[in-house]
Amino acid sequence: MEKLIINGQKRLNGEIEVHGSKNSALPILAAAALVNGVSEIHNCPRLTDIDAAIHILTHLGCRVSRSGHTVTVDATAMNNWEVPDELMREMRSSVVFLGAILGRAGRAKLSAPGGCEIGLRPIDLHISAMEQLGAVLEEDAGKLDFHAPNGLAGARITLAFPSVGATENIMIAAATAKGRTIITNAAREPEISDLADFLNGSGARIHGAGDSTVIIDGVERLAGTCHTVIPDRIAASTYLLAGAVTQGKICVRDIVPAHIGALLPVLKEAGCDITASGRWVCLSAPPRLHRVKMTRTMPYPGFPTDVQAPLTAMLTVADGTSVIVENIFESRYKHAAELVRFGAKISVEGRMEVIEGVPYLTGASVVAPDLRGGFALILAGLAARGETVITGLEHIDRGYETPEAVLCALGADVKRIQEHGTAKEFTTEQPAADRANSFAPGDRLSGTPQSGAAE
C-alpha cells in the first residue's frame, strides 16, 4: 500500500504541462483494435487505466509496445473476440471495446465494466446502438454475447442522452460498417473529435464529430496511422484549482483553453484573475476565495462532472455558501464525507451539495473514494494546516500521472510513501507504477488496479 503525505499551506507557483487525455486515449486504444495494421499513439499518459486497456488489447491478440508516452498497437494478428470478466472490471470505460471488437471480428463477448463507484453507468445505450447496427445479443451466464452474422450495417441512431461512451462505440463500430450511420444527439466532448481524428487518419469517413449530429460512411477496412492525443482538460482544470486553493499563481501550458471554457467563469467568480491565450491558461488567486453561487454539471460544453469534486474542495475555503448540483451521476458526492474530516462544512441532499466556506482546513487522515474525489482530497490537503495522509492512491493513479511530482514542481510539500515507510523517488517523467515496455498477448503488467477497482 502507498500513501501521500502532504504538509499544507504552501502557495503554488510556476508553470506545468499536463499529460495526454485519459478520456481520449482509452477510446483511441480501443479503436486501434479495429485497425488492420499498426497504430502509433503519441502523448498517451502513463496511467493504470491505460495499463488496463493494454491488457485487453494483448488478450485480444494485439501486440503492444510502449516507449515513454508513445504506445504502438499492431492489431494485424488480432484473433480473439472475448474479454474476460477480470479485465472488464479493471476500468469503468472498458465497454468502449465493444464496438471495435464487434466491427473487427463480427462477434464480441464481454461482461459489465468495472471502475469507479460513482453511480450507475447503464450500458443500455451501447446495447441498443449495436443492435440497430445489426448485432444480435444473447445473454450467457451474465455475459453479453453479440453476433453480427450479416456484418454491421449503417443506421440512424438517436441517443436518449448524449453519452460519450455510446457515441464513441457507435463511431468505432460504424467506421467499417456497410453504408451510412447518422448519430443524433451525439456527445460533443473534445474527446469525440479526437477519436474521429484518429479514425479518419486510419481511413475512416466521419463528419460532424464535436457537433450533435455525426455522420459516418463505412469503409471496407482501416489502415495504420500516427496520432497525438489531445491534452487532458480534466487534469488541467484540477491543477488550476490547486493553484486557486493555495492562493497561488500558476500557468498550465500546451492545453486548449476552449476545452476548459466552462471552468474559467467559475474561477473568475471565485475571485481569480485568469489569462488565456493560444495554448496556455494562467491563474492568480486572491488572498481569500469568493463563493460560487451555483454550479451545475452538464454534458459538454457545460461544467464537467469530472471537475465537480475538485471544485468542492476549493469551495470549502471560500467566503460564503456555494451550491453544486450534480446532473450526470447520482452518487458522486462520496468525497464530501472525507472532506468533512478536514473541518469542511458540507451538506448533501440528493443531487445537491451545499458548501459553507470555513476560515481554514486542518490536516487529516483520509481515504480516496474514487478518482476525482481522491484528487479533491489532495487539494484539501494542500490548503490545510498541518499534515494530511491520503490512502487509496490506486484510484488517483488511474487518471493522474505522478501528481506528487507535478505539485512538488509548483512548490508543494507532497511525498508518496511506500508501505515500508520510505519516500518513493520520482521525477516528472516517471510513471505512477513500474511498467514494462513491451506487451505481447498473454503478458501482464505490475501496478494495475485489482479486479473490481473503483474509479
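Cysteine 62 counts as buried in this predicted model, at 0% relative accessibility. Cysteine 44 is also buried, with a relative accessible area of 0%. In the protein chain as a whole, buried residues make up 59% of the 455 residues. The structure holds one disulfide, and a search of the whole structure finds three aromatic pairs.

**Chain overview**

- The protein chain has 14 helices and 24 strands.
- Of the contacts between residues at least 6 apart in sequence, 72% join residues at least 24 apart.
- The chain exposes about 16,500 Å², and carbon and sulfur atoms supply 48% of that area.

**Disulfide**

- The disulfide joins cysteine 251 to cysteine 282, with an S to S distance of 1.9 Å.
- Cysteine 251 belongs to strand β14 (residues 249-253) and cysteine 282 to strand β16 (residues 280-284), so the pair ties together parts that are 31 residues apart in sequence.
- The torsion about the S-S bond of cysteine 251 and cysteine 282 is about 105°, so the disulfide is right-handed.
- Cysteine 251 has a relative accessible area of 17% and is buried, because the cut-off for buried is under 20%.
- Cysteine 282 is likewise buried, with a relative accessible area of 17%.

**Aromatic cluster**

- Ring pairs link Tyr239, Phe375 and Tyr400 into a cluster.
- Tyrosine 239 and tyrosine 400 form an edge-to-face pair, with 6.4 Å centre to centre and 90° between the planes.
- Tyrosine 239 is in helix α8 (residues 233-245), while tyrosine 400 is in the loop between α13 (393-396) and α14 (403-409), so this pair ties together parts that are 161 residues apart in sequence.
- Phenylalanine 375 and tyrosine 400 form a tilted pair, with 4.3 Å centre to centre and 40° between the planes.
- Tyrosine 239 and tyrosine 400 are both buried, and the relative accessibility of tyrosine 400 is 0%.
- Phenylalanine 375 is buried too, with a relative accessible area of 0%.

**Charge over a ring**

- Arginine 385 places its charged end over the ring of tyrosine 360, 3.7 Å from the ring centre.

**Helix α1**

- Helix α1 spans residues 22-32, and ten of its eleven residues are buried, so the helix is largely enclosed by the rest of the structure.
- The buried residues of α1 are Lys22, Ser24, Ala25, Leu26, Pro27, Ile28, Leu29, Ala30, Ala31 and Ala32.
- At the start of α1, serine 21 has a side-chain oxygen that reaches to within 3.4 Å of the backbone nitrogen of asparagine 23.

How values were computed
Residues are numbered from 1 along each chain as its sequence is written. This is a predicted model: local features need pLDDT of at least 70, side-chain atom pairs count only at pLDDT 80 or more; totals for chains, interfaces and linings use all residues. Side-chain values use heavy atoms; hydrogens and water are left out. Rings of Phe, Tyr and Trp (its six-membered ring) pair if their centres lie within 6.5 Å; planes under 30 degrees apart count as stacked, over 60 as edge-to-face and the rest as tilted. Helices (H or I, at least four residues) and strands (E, at least two) are DSSP runs, numbered from the N terminus. Buried means under 20% relative accessible area, exposed over 50%, partly exposed in between (1.4 Å probe, protein chains only). A charge sits over a ring if NZ of Lys or CZ of Arg is within 6 Å of the ring centre and within 35 degrees of the ring normal. A polar contact is a pair of N or O atoms within 3.5 Å; within protein, one must be able to donate a hydrogen and the other to accept it, and residues adjacent in sequence count only if both atoms are side-chain atoms. Contact means heavy atoms within 4.5 Å. Accessible areas come from the Shrake-Rupley method with a 1.4 Å probe; for residues, only the protein chains shown count as cover. A disulfide is a pair of cysteine sulfur atoms within 2.5 Å.
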